[in-house]
Every structure is written in structure tokens, then in C-alpha cells.
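Try each task before you read its solution.

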Amino acid sequence: MSTFMIEPGARLAGRYRLDELVSETSGAALWKATDETLARLVGVWTFAEGFPRTNEVVRAARAASRIADARVTQVFDADDSGPSTYVVEEWVTGQSLTDLLAQGPLEAERAAGLIAEAAEAVAAANAAGIHHLCLSPNKLTWSTGGAVKVTGIGVDAALRGVTSDDPAVADARGIGRLLYAALTAHWPGDERTGLRPAPAVPGGPCEPGQIRAGIPGRLNDIVCRSAFQAGGRSGPLRTAQDIADALADVPRLVPLPVAPTGHAPPPKPAVGTSRSSGQFGAAPPPPPRSAPPARGPRRAARSRPASSLTNRILVGAVAMLVFVAVVVGAWTVGSTMGGPDEGRTTSDDEQQQAGTGEEELQVLAPQDADGFDPQGDDGDEHGDKAGLAVDGDPATAWSTQGYKGVHGADLGNLKSGVGLIVDMGEPVELHEATVTLGDSEHNFRLRVGDEPTESALTDVYEGTGVGGEVDIKLDEPVQGRYVVVWFTAPLPSDGGEYRGTINEVELRGNT
């Protein structure tokens, strides 16, 4: 069966339903599809009969599936043994670098942090013997889950038949060009990328500092030594790892979302962490919960005739008389049946509490958040992303490390649990919490204590097989400075790995 016989709704391998044709070039087609077995979106490549590089693409996809870096697009399946060859990979949604630059260049620190993540991802692929060779702004994405994704490693080059005598240098040039684009919103290459071409001088494109004032000389130097392979005083940066090392100390800052034209830019987000610091700045307090919106559209108020208004007043008066009579009768009956509390008056405080029905709670603002892995070797559970779970935005997320292998769901049989720790800065009285998890089923416990150690934490809630928004109301309020969302086995599957995901934690109580 060829690509031309495949239509939306067709299934491959009995599980991958092709939903929408995204692109088709020279006999290779990319589909947005659904893995019906795992109930998730995936990207599926199919190939027309006679496509000359089918075997190369499948081999490249299988090689890419072994890259141990979550910032590289995951390959889930690749098969050329049946009538229809296909490759199934992670479906990445978010903002590409092209999208992020639609309103202009990024701040210098923000640009450096984003490209540092990309350089590390490409370096991990290069270390496995796999190269991209086709890096462009559309291949670097800030995903809706709040993570950097480099798409197309290995597969893009195989699809296009691109090769290089020195693939490591080719990828270094590509990363340097991405940094050039992030700093200037121009592209210093011949490819059509959706960005404006870089202005040129005799000998090639202008340096970033010649296009935009205020670019730090250090970043300008890194661009020249990578994108243009200029020697300078320190020599060219010839590999992705060289660039990653040169940018190792830059802070990792969340890219700004694209603002619609004509609107004010969004507020500057909280600063994340350089991986070497292990610290996370205080996240802004989440907005207070408001009452749920009224269902259905609002209707415009209408003026009513005077006669209708008079009738309503008369009906209301009669209803009030009936209500008073019922209340007086009930009070009389209650008085004759009263017990020891007969004649007892209610204090102002009791009346106020009776009127509200429950104690007024406030949304508690965390001071800090971090990955919590007390049983691990290095204690690193993506602490630099932990602030995304308490930033008030459920579109961003923190996740545990990915655990692989036969025992991946059981945390590799290395530990009993792993989680996220939230530091409130001082002891608080916790009454309620809302934990928004990934859509898959999770097992977790909510723990509270006064010290950030496993022995000092007490379980106050346990959820089994839950996902999405989990509302927790404690039977009795508890006090403590630290709140931990503690994942236990089995972790949910995320392709070839197992990990727990938290989009948002909101805590309510009193300080």
C-alpha cells in the first residue's frame, strides 16, 4: 500500500490512526496521528512506492530512538517489514524559534539559555553517532509542556539525503546560526526559514553585534566561532559539545510566549536556574481562585412594562407573608421540643461562620520548588524546571527523570519514590490542594513536614491511578513548611520511558 492510497482515518499496524496530513515532500508524508493503544498524539511518516531513501530513514529513526536526552524528539516505532513502511515519533506542540522571533529578537540571556539547551541536546545525539545536518529555527521548539525540543535529529537528513564530510562541524554551524537568529531575528544562511535574511558585508553576513546594539561581546564571539567557524583568539567551536561548554554557565530562562500583533507584550516570567547553581528564584504567587463562570452566554437585560413590575411586587409581598408565617410556626414547634440548649443565643462569630458555611481559605504562595530525590545518587530530578509546577500556569509542567528499561515503571528498582518539594518559606496550615498531573494515570502521595528530609514528612493524602486535576480536601488541617508530591511505582509510560508529570500545584490554607 503506497502513500497515495492512504487517507485520513486509515490505520497502520492496527493502532496508529492517521488523522491529518501535515506535509508531503518528494514521496514522504508526515501525518498527525493517534496511537489508539496508548491514547496519545503521534507523528507518523509514510512513504510512497519508489521513495528512494526509505531504508535510510528507518535506520536513522531506530538510531535516534537510542538517544538518551528528553530534549530530542522521541522515536516510538519504525517498521519496514510490512506492506507499508512507517516511522512513528513524538508529536511536539509549542512555539518554534521562528514563532518566538515573530515579534523581534529575544533578550540576550534568554537567547543564550535556549540555545544552550539545544546545544546540549545535539551534543547528546552526536555522542551517539547521530547528527542533525538540517538545523533551522523551525527545528527548535519551546513545547507546551515547558521544555526545549530539537526535532528531526537523524531523520531529517535521511529524508532529504543530506550528508556531510564533517557532520560534527555542520551541526556546530547550525547551532551557531540558531544563536545568531535568536539574538537578531535574522537568518545567516541561504535556506528559507520565515526569518529575514541577515544583512551582508563583503565576506559574508554581518556579525550579530553589527545588527543589534547591546549584544554581549561574549555571545557575539560564540556566534562567530560557531556559525562562521572564525578562529578569533580561542579558535573555532567545532562541535555541539564545544558550544554547550561555552554556554554552560548561562541561566536557563523560559522563552517569552508570542504576543499577538497590537497587544502589549506579556510580563517577564520568573527566572529559572543555571544547571550549575541548583537554585530557583521565587515564583510569583498564583492568582486566587475565582468563582466558576456562569454556564451559558449572558443575556442582555430587558426593560419590563410597569404593570408587569407591579404584579411582581404584589406576588413578592404575598410570598414574604407566607414565609414569615412558616418561620414563626417552625420556631414555635421547635421551642416546645427544645432540649438543654433552649433559649441559647448565637455569638457574632458563630453567626458569621454559619453564614459562610466554611472557613475562608487563601491561596498560599510558595517561596521555592525543587526536584526531590532523597534516595537517588545525585538528587537531580530536573530541579531547574521545578518552578514550572508552581508558576500559576497549568500549560507549563515539571516532570521527573525518564526511567528506562524493563523496570522503568518501578523507578529502575532503585528507589521507592521520587517527587517535587515545595518550600513555603515558613510553616503554614494546609487545608486543601489541587494537583494538576499529566493525563496518564499516576500514583502519588501528598506529604507535609517541617524539614526537607524523607523522615520528617508525613503522608496526608494518597491517590491511586489518577491524572489531570486532582482536588484534595484534608480531613484535618496540617501544619508544615514543606509540601511534597511523592510519586510511587508504577510511573506512567511516556513512550520508551516512564516519568511522572506535574503541571501545577495550588495549596490553600492559612499562614
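**Exercise 1. The second largest pocket**

By class, how many nonpolar, polar and charged residues does the lining of the second largest pocket have?

*Solution.* Keep in mind that this is a predicted model.

- Step 1: Start with the space itself. The second largest pocket has a volume of about 1000 Å³.
- Step 2: Find the centre. The pocket is lined by 45 residues, and those closest to its centre are Lys139, Thr151, Gly152, Asp156 and Arg160.
- Step 3: Sort the lining by class. There are 19 nonpolar, 14 polar and 12 charged residues.
- Step 4: Assign the lining to elements. Two or more residues come from each of strands S2 (16–25), S3 (28–35), S4 (40–47) and S6 (86–90), and from helices H4 (155–160) and H5. Of these, H5 gives the most, with five residues.

**Exercise 2. A helix pair**

Describe how H5 packs against H7, using the axes and the residues in contact.

*Solution.* Two packed helices are described by the angle between their axes and the distance between those axes.

- Step 1: Take the geometry. The axes of H5 (residues 167–184) and H7 come within 7 Å and cross at roughly 145°.
- Step 2: List the partners. From H5 come Ala172, Arg173, Gly176, Arg177, Leu179, Tyr180 and Leu183, and they meet Leu219, Ile222, Val223, Ser226 and Ala227 of H7.
- Step 3: Classify them. The contact between H5 and H7 has eight nonpolar, two polar and two charged residues.

**Exercise 3. Backbone checks in the loops**

Find where Leu133 and Gln229 lie, and decide for each whether the residue is buried or partly exposed.

*Solution.* 

- Step 1: Look at Leu133. Its phi is positive, about 70°, although Leu133 is not a glycine. Leu133 sits in the loop between helix H3 (108–127) and strand S8 (140–143).
- Step 2: Look at Gln229. Here too phi is positive, about 55°, and Gln229 is not a glycine. The loop holding Gln229 runs between helix H7 (217–227) and helix H8 (240–246).
- Step 3: Apply the cut-off. Buried means under 20% relative accessible area. Leu133 has 22%, so Leu133 is partly exposed, while Gln229 has 15%, so Gln229 is buried.

**Exercise 4. A peptide bond**

Which form does the peptide bond from Ala489 to Pro490 take?

*Solution.* 

- Step 1: Read omega, which is near -5°; the bond is cis.
- Step 2: Pro490 is in the loop between strand S20 (469–488) and strand S21 (493–494).

Methods. Residues are numbered from 1 along each chain as its sequence is written. This is a predicted model: local features need pLDDT of at least 70, side-chain atom pairs count only at pLDDT 80 or more; totals for chains, interfaces and linings use all residues. Side-chain values use heavy atoms; hydrogens and water are left out. Helices (H or I, at least four residues) and strands (E, at least two) are DSSP runs, numbered from the N terminus. Buried means under 20% relative accessible area, exposed over 50%, partly exposed in between (1.4 Å probe, protein chains only). Axes are lines fitted to C-alpha atoms, for helices over the stretch in contact, and angles run from 0 to 180 degrees between N-to-C directions. Contact means heavy atoms within 4.5 Å. Ala, Val, Leu, Ile, Met, Phe, Trp, Tyr, Cys and Pro count as nonpolar, Asp, Glu, Lys and Arg as charged, and the others, Gly among them, as polar. On a 1 Å grid over the protein atoms alone, a cavity is a set of points where a 1.4 Å probe fits but cannot get out, and a pocket is an open set with protein on both sides within 12 Å along at least five of seven lines; lining residues have an atom within 4 Å of a point. Grid points are joined across faces, edges and corners, and a volume is the space filled by probe spheres set on the points.
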